[in-house]
Amino acid sequence: MIRSLVTGAAGFLGSHLVDHLIKEGHEVIALDNEANGTWENLAQWSNHPRFKKVHQDILELSCDDPHFQNLDYVFHLAGLECPISSIKNPEVFFTTNVNGTIKVLQAARQSDLKKFIFASSSSIYGIASTPTLETDSTHPLTPSGLSKLQAEEAVFHWGELFSLPTVSLRIFNAYGPRNISRLFPGSVFSLWMKQKAEGMNLTIVGNGQHARDFVYCTDVSNALYIAAIEGNDGEAYNVGSGRSIELSELATLLKSKTTSLKDLKDEPIKVWADISKFQFDCNWQPRVPIESGVAFSLDVLEDWNKAPLWDTSKLDSFFSTWFEVYS
Ligand SMILES: NC(=O)c1ccc[n+]([C@@H]2O[C@H](COP(=O)([O-])OP(=O)(O)OC[C@H]3O[C@@H](n4cnc5c(N)ncnc54)[C@H](O)[C@@H]3O)[C@@H](O)[C@H]2O)c1
């Protein structure tokens, strides 16, 4: 029996990964403290014999935590990401993302792992040329991105020091069902799905011509799984859809009108992953086009009823932090 542990398992991507691993026949230890996720995302497995739920803060892990013994794979997805909140309150991002990653790495050393898989982020690139390659320079715009970059470096460092096979996936804009953020406004997709569920206009920053690389959640969970098996030790791979679409186009797919908010200057205009390295090394392909991914999400629009609402006035006040540093 293959034994995998997933940190951040109750979150958006973590719960899709657990679905994937259980279907692949793994025994799965799902670890989370519900800081932003919820065990409701994994209710479908609660009585499954190969599923075990562990309510645990990664910051309180000890090196000899028994859940990290006799594992084949550790998928480390627990973390916090919010560019704007991290400008106001950087420490919590470094504590969770960097110190938390080191806690997980230390606990993972108890097992003779086949692979330690880290969920890194496109935010480590900052404003990059597009499509962005893994070899392009990293220059995060906010403490949130910097903490993900430092966590990725820690993963590779531990890998070299302790002969731990590692791989890091630099995930672009993941979206789909369960993309609900409770702590922060979250991604544009999660924000918009709640606004749509409330029958409101979608708040769009600037003229709608900012473009992002939206990659569907099951393509990401499949990427994490394939990276575990096929990923080359010590490598970072971009995970995107291979395409970048303007936010105005996403609003059209969501069949919604928009309300403009002040432009966030110094944000990247276009985010777009070059995914050829991952395609070549691991034979991974994104399979869900944005039109289908949006349609699948709209099918479960009522799930966003439970998400917190960020309306124009709350967002104006939230974004003011950005204008304090980038004006
Ligand atoms: N969603 C994206 O577009 C995207 C893009 C790039 C990178 N990532 C990375 O992928 C990972 C998962 O992202 P997500 O979108 O599913 O976010 P998420 O917030 O839904 O999931 C993260 C999970 O980590 C848990 N967590 C946070 N702090 C913890 C702690 N101290 N101890 C235990 N658990 C803790 C949260 O409760 C949550 O369930 C994150 O590391 C994120 O940085 C996501």
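Just after helix α5, G199 takes a positive phi of about 75°. The structure discussed here is a predicted model.

Helix α5, which spans residues 188–197, is mostly covered, with 8 of its 10 residues buried. The buried positions are V188, F189, S190, L191, W192, M193, K194 and Q195. These residues pack against the strands β7, β8 (202–205) and β10 (214–216), and also against α7 (247–253) and α9 (290–299).

The model contains an open sheet of 7 strands, ordered β3-β2-β1-β4-β5-β6-β11 and paired in parallel. Its edge strands are β3 (51–55) and β11 (235–239), each of which pairs on one side only. From one strand to the next, the twist averages 20°. In general, the strands of a sheet pair through backbone hydrogen bonds, in either a parallel or an antiparallel arrangement. Strand β2 (residues 27–32) pairs with β3 in the parallel sense over 5 bridges. Within this pairing, I29 has K52 in β3 as its bridge partner.

| Helix | Strands crossed | Direction |

On the α1 side, the contact involves F12, L13, H16, L17, D19, H20 and L21, which meet C217, T218, V220, S221, N222, L224 and Y225 of α6. By class, the residues of this contact comprise 8 nonpolar, 5 polar and 1 charged.

Which element gives the most to the shell around the ligand? It is α1, with 3 residues. In total, 29 residues surround the ligand, and the closest are G8, G11, G37, G79 and A174. The elements that give two or more residues to this shell are α1 (12–23), α3 (90–108), β5 (115–121) and β7 (173–175). The shell is made up of 12 nonpolar, 12 polar and 5 charged residues.

Strand β7 gives residues to the shell and is one of the elements against which the buried residues of α5 pack.

How values were computed: Residues numbered from 1 in each chain as written. Predicted model: local features only at pLDDT ≥ 70, side-chain atom pairs only at ≥ 80, totals over all residues. Near = placed C-beta within 6 Å. Helix = DSSP H or I, 4+ residues; strand = E, 2+ residues; numbered from the N terminus. Nonpolar A, V, L, I, M, F, W, Y, C, P; charged D, E, K, R; others polar. Contact = placed C-beta atoms within 7 Å. Pairing = 2+ DSSP bridges. Axes fitted to C-alpha atoms, helices over the stretch in contact; angles between N-to-C directions. Buried ≥ 20, exposed ≤ 12 C-beta atoms within 10 Å, placed from the backbone.
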